[in-house]
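Biologist: I'd like to learn how to read a model like this one. Can we take it feature by feature?

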Amino acid sequence: MNTESRASTRTPGFWRTLRLLLGAARRRAAGRSRRRKELLHHRSGKSSDTLGRLGLLGMTAFMALLNSYAAYTVNSAISAGQRLEADRQGKFVVPGYFLEALRGIERGGADFSKERAQEILEDLCRGEARVRAIELGGSEEEHKKLLLEAARAHGSRDFIVEGDGISGLSTARSFPAMLGSITLLWWLFMMMTQGEGLELDLQRRRHPMWEWLFSHPAPPSAIFLAEMLSPIVANPIYLTGPFFCGFLYGSIYGAAPGMAAAILVGAPISVATACVGKAFEIGIMLRFSMRSRGAMIGLKSWFGYASMVSFAPIALAMPQIVRTLEGFLRHFAALLPWPWLGWFVGARPDGSFSFITGVASCWLAAVFMIAGGVWYSVWGARRGLAGGFAKADLAPSALSAAPKTLFRKNPLYHKELLWFLRDRGAIVQTILIPLTIAGYQLINLRGIVSGAQGSWNYLAGAAIVVGTYFLWVLGPKSLASEGPALWLALTWPRGLEGILKSKARLWSLIATGMVALILAYAIFRFPQDAWKVLLTGIGWLAFGRGMAEKSVTLVSTPSSSGEPEPIPKGRQWAASLGMLTFGIGIVTQRWQIAVMGIVYSWVTAAAMWQNFRARLPFLYDPWSEKLPPPPTVMHAMIAISALIEGGAVVTGVCALFVGAENIAWAQAIAYGICAAAVAMFVSKFLVDRGVAPGEVLCWRNGVNPELETRLWWSGDGTRGSRFAASMAVGVLAGAALGLLARGYIALLLHFPALAETIHASQEQMAKVQGLKLSYGLIAIAFAPFAEEYLFRGLLFRALDREWGGWRAVAASAALFAIYHPPMAWLPVGLLGTAGALLFKNTGRLAPAVILHIAYNTVVLI
Amino acid sequence: MMESLSSQSALVELSHVTKSFGAKVALDDISVSIPPGQICGLLGPNGAGKTTLFRLLMGILKTTEGALFIDGRDAFDERVEVKRLVGFLPDEPVFYSFLSGREILELSAGMHGLDVKATMDRVAPLIARLRLADDINFYAEDYSRGMKKKLGLLLAMLHEPRLLILDEPTNGLDVESTHLFYDLMVEESGRGVTVLFSTHLMDHVARICSHAVIINEGRVMAKGALNELRSAFGESSSLEDIFLKLTARPSQK
């Protein structure tokens, strides 16, 4: 070290520090995304994450919409207030055309007869009454009577045109001004509580880098300002915040000034709200104990999320809400001045507006908010980074250690219980946030909610939606209680798999508790339908476990820097498969659809766990991660879906060529084409991954590798007689099952309701030309080959690797069955079972194909 | 050299272990075997690959090539079973923020399938010896670095494993605790437990280890019983001399 270099070190200034830290944050984000890309490339050979980019784009568009909608909400709040004001003065607020028409009637008595005028007036009032009944409640007749009376008594005197919303903002003490100001403050508060989104990054929040940063001779205010600016890039809601200001100004001053305001006002206000929000967080970090921080920040994020998703429904219901709360709210209008909105948009006392004043006051507010946030953080940090709290919270209280006997058998559950009792963030993370999202989904599916009071099935549907979304959100947080202490779990002879499976059990237990509560209420409300509700409950038990297992596969581990890995959208979507089918089945009271949802959900759970199990050992070693050996359950399910969906599409295309009257032939041709195409694609796909086509046709048990290379019809050579015998078993079993199926159908004909359906389908068969023949072609020449290849060769094999034993047999047979009409579920399920057993025990697919052919032949003859 | 020992009797066996992260090679063709009941010091400068080696042994990472065996079991493929044999102390143990030291021990005992009460009775003297008795009911997250290491050692020894893997066990400990740690390691090896630990303190290795492995930039530079190492590099040379000679790098001017 020479003195020269020592002399050249200078304390970095405020702006230089800010630039340095923001640059570092940007490089960190860039490095993260580069690493993700490298890993993606290493694993799958893909070099870009199109889906992720699309997701970000969609998210940004949604946030832009939300912020614009918030501006509309301000307007509608003011309008609702103006309407109430008019009502208080005994006037009716009506649309412009209504008043025009009324005045027309008043003026032009000579133009048309009195009767005609009365007719027009009645029509006019009827239309308006309908609107008022919807908006304000009450009966249509009543509203019409009131309107007619007023119009007949005083003409147009009692009617005024709808207020102009925000541009009609008059005095600060008025009721509408208060409503507008409250909405504005609500929006500001929502922005302040957004932070870096709902994915709580508790790890980094627990251990910020402040101590290290403050060991530098840099101005603390710059350090905190850099910290405060970081959410802006992380959360698109801040980037789209200017839309709010743009629309608000635009509705007063016009489009061009609105756009100018978006930049001039929107940008500083967005930055300011982000800063204040971060200052909240910093305050929490400085003043609260470690175990409370998670909860406080969680609550803040929860509020941000809840207020964000409630903007749309509340804006829609604004007139009703304002009317209901009118009495309560009016006290405040008189008590306090509400100039906030006026200041925000530049309203002058005389009712006119000034763009310059608005911009200036917003700038002042932004500067005040940013400076306040920075000052508060610096002041807090001066009083000690660690805070002065720790002593009171050193040991767990006797109270929270008390429930020792609960879950004593399972130390993992006991730990989870202690987490709930002690870490105040646990409730927020595992109950509050999942429930909020589930509730939001219910609002999205308004149809279910609105029907819930009238019928048991809507209530049961609501229970399923809540339970499913609850699990869907909770699953990815399965390792939240472990956090960085996960290393300890890796020293236990339990394996992560066992730990996550027991978490799935625990989550499904909690979700089942909630579903049970709603279902119990459903039984209480509709006692006559109790057995149906109970049946739904049993369905949920089957569905919920599968759902919990699926959602746990979405788990992400916090990296050493504390950032959670984002969940791939495709996987997230796959986890929700079957939910709508099950829910729709319950809501529409069609049990077969509900059963299909359950089966589908279970097989998806197996598929996701198979992939997850392959990934699980590499949670800390993504470089070693290998895809599970093909064919996987997921491959099989995709191939099956391709055949079914593809068949429908190609049938349509074929029908165009051969004409609608030959639809039966189109179906047969389409099935054949699709089956061949799917088989070819799957074979190619598997060959690319090192699985020879012959391997799918043999049950690999590792005894004789030479066997696998032979073609399926060639037999074993040395064991020719055995091959012939297994084929014979296939024929006989198929014929026997076919006869059984015929007997089953004959039995069903004794039930009048079922007989009707069967006869109808038989008539259909007879009516459409060539249907029977084409069915025969599909059932005997195509389906046995295609379906055995997909359901036994791919699906059952993969499921057997995942579950083994009877569960794999049952699940593959069940999935096979649900692709057939409900009436055929039982015999087809038996056929699937027999096929799977035959495949596994003879080691070849051929006997299963023969079985299928024999069965279909017997059934169709 | 160690290879002269029959590999059948080795408790820890690494055969041609290579581990790379993407393009970066962290360990390159490492073959080492450690016989039971020995204390083996793993030496190497920063970034030599010591922690990677430990994580491989714990089945947290998978080898790119080669395999690691603990008592004849593959450290990755049979990682769940292997955990019954191994106790592990990471470099910087982090604990559940909402559990006290005692509760963490109880949880770990339960997860190992041990009788919780009997285990806690068994380790009570050890807790006292480590001077943790006063703090054992406090939240472990608030422990000092040394106390966390002690709790980590307790956890590693809780299920009486046959192999202790300790990543820089004395890092952050005071002098007295350091001596206590080494006393414990010697005692354990006296009961037949194999100890594999990494450190930067040569004199301690010289004092308590029977074997040493020196790695540098992912390669084994020397391995074997201490006296064999000394005779190979000249009787007069200290372990520190050998280490510096083997890990010398051209200065980065």
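Modeller: Strands of a sheet pair through backbone hydrogen bonds, either parallel or antiparallel. Here, β2-β1-β4-β5 of chain B is the order of 4 strands in an open sheet, and the pairing is antiparallel. Helices (H or I, at least four residues) and strands (E, at least two) are DSSP runs, numbered from the N terminus. Two strands pair if DSSP finds at least two bridges between them.

Biologist: Which are the edge strands in chain B?

Modeller: They're β2 (24-34) and β5 (73-74) of chain B, each pairing on one side only. Elsewhere in the sheet, β1 (residues 12-21) and β4 (residues 65-70) of chain B run antiparallel, joined by 5 bridges. One example is Val12(B), whose bridge partner in β4(B) is Ile70(B).

Biologist: Before going on, what should I know about the numbering and the confidence?

Modeller: Residues are numbered from 1 along each chain as its sequence is written, while chains are lettered from A and ligands numbered from 1 in the order in which they are written. This is a predicted model, where local features need pLDDT of at least 70, side-chain atom pairs count only at pLDDT 80 or more, and totals for chains, interfaces and linings use all residues. pLDDT is the predictor's confidence in each residue, from 0 to 100. Chain B averages 87, with 94% of the residues scoring at least 70. Over residues 1-8 of chain B, though, the pLDDT is below 50. For the complex, the predictor gives an ipTM of 0.87 and a pTM of 0.73.

Biologist: How many residues of chain B are in contact with chain A?

Modeller: Contact means that C-beta atoms, placed from the backbone, lie within 7 Å. By that rule, 31 residues of chain B touch 30 residues of chain A. α3(B) gives the most to chain B's side, with 5 residues. That side divides into 17 nonpolar, 7 polar and 7 charged residues. Ala, Val, Leu, Ile, Met, Phe, Trp, Tyr, Cys and Pro count as nonpolar, Asp, Glu, Lys and Arg as charged, and the others, Gly among them, as polar.

Biologist: And how do I read a helix?

Modeller: An α-helix has 3.6 residues a turn, so residues three or four places apart point the same way. Take α29 (residues 633-658) of chain A: its 26 residues reach 36 Å from first C-alpha to last, close to the 38 Å expected at 1.5 Å a residue (1.5 Å times one less than the number of residues). After α29(A) comes Gly659(A), whose phi is positive, near 90°.

Notes
Two residues are in contact if their C-beta atoms, placed from the backbone, lie within 7 Å.
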